[in-house]
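Have a look at it, then read on.

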Amino acid sequence: MSKPVSITINGQIFEEDVPLRLLLVDFIRDVAGLTGTHVACTWEGRCGACTVLLNGEAVKSCMLLAVQADGENVTTVEGLAADGQLHALQEAFRDRNAIQCGFCTSGVLMTAVDLLAENPEPTDGEIRRGLVGNLCRCTGYVHIAEAVAAAARAMRAAPRP
Amino acid sequence: MSTTETSAPWVGRSIPRKEDLRLLRGRGQYLADLALPGMLHLVFARSAQAHARLQAVDGARARAMRGVVAVVTGEDIRREIQPLPIKVVQPNLTAKYPTFWPLAVGKVCFHGEPIAAVVATDKYVAEDAARAITARYDPLPVVTDVEAALQPSAPRLNEDWDDNVMFSVDFGEDVSALMAQADVVVRGRFRAHRVGVTPLETRGVLAQWAEPDGMTVWITNQRPHVERLALADVLGIPAQQMRVIAPRDQGGAFGTKAPFYREEILVCYLARKLGRPVRWVETREEHLMAVSQERDQIHDLELAARRDGRILAMRDRVLGDVGDAKEGVYWGYLMPFIGAALLPNGYDLPKLDVKLRCVVTNKSALSPARAFGSFPSRFAMDRAVDMLARRLGLETADVIRINLIKDLPHTTATGVYYDSGDYRRVLDTLLEKVDLPAFRREQDSARRQGRYVGIGFGTGTAFSGVASEVLVPVENQPGYGAATVRIDPRGKVFLAEGDAPHGQGHETVFAQVAADEFGIHPDDVVLSYGDTTTTPFGSGTIGARGASYTVSAVVEACRHLKAKMARILAHDLKLAGAGPEDFDFAGGEIVYRRDPTKRRGFAAHADRIVMGPLDLPAGDSGGLEHTAFFEAAKPMYGFSAHAAIVEVNPESGEFKVLRYVTMEDVGRAINPRMVESQVQGGVIQGLSNTIYEQFVYDAEGQQQSTSFLTYRMASAADVPTVEVYHADTPCPLTPLGTRGLGEGVPGPVPAALTNAVVDALTPFGFEFTTLPLRPERIWAALHGKAAGGAAEAPKVV
């Protein structure tokens, strides 16, 4: 059984007939060809590697069907940099060595975008609690938490239009 | 920080990583991101039972489903695939090696063993079809406990064996006389649970067969060159038709992707059989059931010592539970074997008596995890040293100190050669950082307020690469590091290594090193890796080889080419008698040191040698490319010491890590911030292993920890910030003085944390020797309910 959907990802409209059971993460990766969104727990909603923004709010794209995103706006990690300029979070992750293998990074970044939109001046504890839905195996989290705090400072100093 | 703002030297600077520019944009190229036209999807059906005769596997219903291209069982493939063991992935050590195929034949030995595979045009259909496969089992008695598996009446996993003992080894000699005469003997049963370092990216394989080129296969993998040889052998494919590529980006491995596994064999077999590309991407459930389970050792360890704490002898009876052991390269037992060999750790233990037995059980094969086998043995040893100090009323740090190896090089009584370093300086520098006397005063005043804080130490010697003299006998593979360096006519440098990094950042650190050698910018250096067709043979990204062996091969290859460039420049500029040492490579130029007006641009000179190979010195030819194979004169090890400070609530057993401090000796750091990141991550892996994670099997061998909800990894809110410090001594055996670091970092963690909890609860006479270290288990041990505190009371002779 399939159904036509129209999903906007990073500003581009994708109109496709999709099986009802197709996961949003598979729509993003296999239909739209945007492979920056990853799968690490295989559809349990625990690892957070598939986190994207749905109408600006962080969601785990393995926990939604593609048909549930019909008519909605999705932002993936590929849509984070604007006009070739890295997002403040991306800059901070690079400066602070917040990445090793990079597999969790996309999901962490998208969660952090939402976190900073909700709380532009988070404490270290608030950042760490905000990231509990994203597992990282390589870094021990400290450089990630530092990078989110640094990005928050940078974004407060120079808000994006 | 931008790499354009500053200049050489690049080594020693925390420049941002080259890798991050693609990873931050979601442009990584991981295995699951690779697809080929006409690609089919493979899904495994796995055993529902832990030990049973496999009467029949029925794929008829699956085969009939629309979109299903093939269904295969063990019986279908057993005559077409050479079973393991095969020599290239079999250690040169005497052990019993079980025979196995990629799919179970005749019987199953653990819950999750592959019994059939489905290939379909769509991955959802392949999963439906795999669920439609049914098997008839004739159940056999299950054994999941290592001591039960040793009983004469225990069910045997391999019916052609007389028992379940796969491998035994003895180190040292009888120490009974020393034990009998010693001032004090402490003994305990130390147990590390089954736990590992599952990476965030699961395994995967994409295979393509094309006549006449043969097989091209992408595998999540740490050692593509060894995979290539093994796959050619089991599939009967001439080696020139076998190309293995580890993807450019891999989502971590930590040892998990180092073995030669069953699944890649079957994916390749089916790609050839069907004449179409086939991809398998492992689910997390499969991953947690089949791989990444390590540790799982029992140590009955005794120390005999003088009253001043000096250890005279150690005796240990070690049991390693290696699961079904069906896994190429490691066979489950190499981890406990190395763990036992490294039992002396950084201690000078002149006399020891260690006997290790590795036993098969109805569990998944033990597969490597960072700290490779020595996580349990370091826990046992450093816990025992702590018990000894408590027994004697001495400060544990003092007992560690008087037993540390003073003079290096040193060969342990287990035959392990430690090359260099200053172990006491590492410990002493750590003690300064934690200010032990001040801590003891704080501890006293806290106790008076009813608060229980404690400090614990863990130490460790760890591989800095693995020398051929170790790796050939143990893994049947060479230990040398290999690198190719090619300079192009624009003065850009191309590096290639045969290993397969998976998050370590080789592209950045190798570029820093080559940039300094040639006096150019790291942006002008690119690194390629992982493809067996385009890289020199290497044994893989294992055992902290990157900054020890492989980077040293890069340096040697660069220096070979610098000598050639210098020779030709001396010839061109008619500098009679000038040798390679008379030229500086700096600022993009090659400068004659005795007369700096005599110089040439690096790129111009490369162009002259590669594109204009006329009028060359006698004996030289054109071109600038060299492959170096670096072998250190002796095996190399690094040493580190960790301290944990915790506060424990004796009412609940809950504890909080107040400080975690590490002191490392990395020799010379190439990129200090990346080194720090390795330590941060390694400590948190060790902490997560010690406290949170555990693979659980029930009495029937059913796996109970098959998702991230039941196999719980530490999250950002669970863990402390590690204070990372250094007491570096340059390694004399590498050209830059570097040591490898990363592999061993989790090793000292369980003892440091447990010793800290024990120290905090000293007023209660508390002991704890069985991991995991969890509040409810601490509480139970504290209230006399055994869990975790099953040790015998320390005995004074």
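## A strand covered on both faces

Let's begin with strand S12 (residues 278-281) of chain B, which is covered on both faces. B:Val278 and B:Trp280 are buried on one side, and B:Arg279 and B:Val281 are buried on the other. Buried here means that 20 or more other C-beta atoms, placed from the backbone, lie within 10 Å of the residue's own. Strands are DSSP runs of E with at least two residues, helices are runs of H or I with at least four, and both are numbered from the N terminus.

S12(B) has partners too, where pairing takes at least two DSSP bridges between two strands. Strand S1 (residues 40-46) of chain B pairs with S12(B) in the parallel sense over two bridges, and B:His41 sits opposite B:Arg279. With strand S9 (residues 204-210) of chain B, the pairing is antiparallel and runs over four bridges; there, B:Val205 has B:Trp280 as its bridge partner.

## How to read the model

This is a predicted model, so to speak with care: local features need pLDDT of at least 70 and side-chain atom pairs count only at pLDDT 80 or more, while totals for chains, interfaces and linings use all residues. Residues are numbered from 1 along each chain as its sequence is written, and chains are lettered from A and ligands numbered from 1 in the order in which they are written.

## The domains of chain B

The domain bounds come from an automatic or database domain assignment. For chain B, this gives domain 1 (20-28 + 480-630), domain 2 (34-140 + 201-251 + 257-290) and domain 3 (294-468 + 634-782). The C-alpha centres of domains 2 and 3 of chain B are 36 Å apart.

Where do those two domains of chain B touch? On the domain 2 side, 23 residues are in contact with 25 residues of domain 3, contact meaning that the C-beta atoms of two residues, placed from the backbone, lie within 7 Å. Helix H9 (residues 284-290) of chain B gives the largest share of the domain 2 side, with five residues.

## A five-stranded sheet

Chain B also has an open sheet of five strands, in the order S7-S15-S14-S13-S8, with mixed pairing. Its edge strands, each pairing on one side only, are strand S7 (165-172) and strand S8 (184-195) of chain B.

S7(B) pairs with strand S15 (residues 352-359) of chain B in the antiparallel sense over seven bridges. In that pairing, B:Phe167 stands opposite B:Cys358. Helix H11 (residues 374-392) of chain B packs on the sheet and touches S8 and strand S13 (294-305) of chain B.

## Chain A and where the chains meet

Chain A is assigned domain 1 (2-79) and domain 2 (88-157), with 22 Å between their C-alpha centres. In chain A, 14 residues of domain 1 are in contact with 12 residues of domain 2. The largest share of the domain 1 side, three residues, is from S3(A).

Between the chains, 44 residues of chain B are in contact with 43 residues of chain A. Helix H1 (20-23), H9 and helix H19 (672-691) of chain B each supply at least two residues of the chain B side, and H19(B) gives the most, with seven.

Notes:
A residue is buried if 20 or more other C-beta atoms lie within 10 Å of its own, exposed if 12 or fewer, and partly exposed in between; C-beta atoms are placed from the backbone. Axes are lines fitted to C-alpha atoms, for helices over the stretch in contact, and angles run from 0 to 180 degrees between N-to-C directions.
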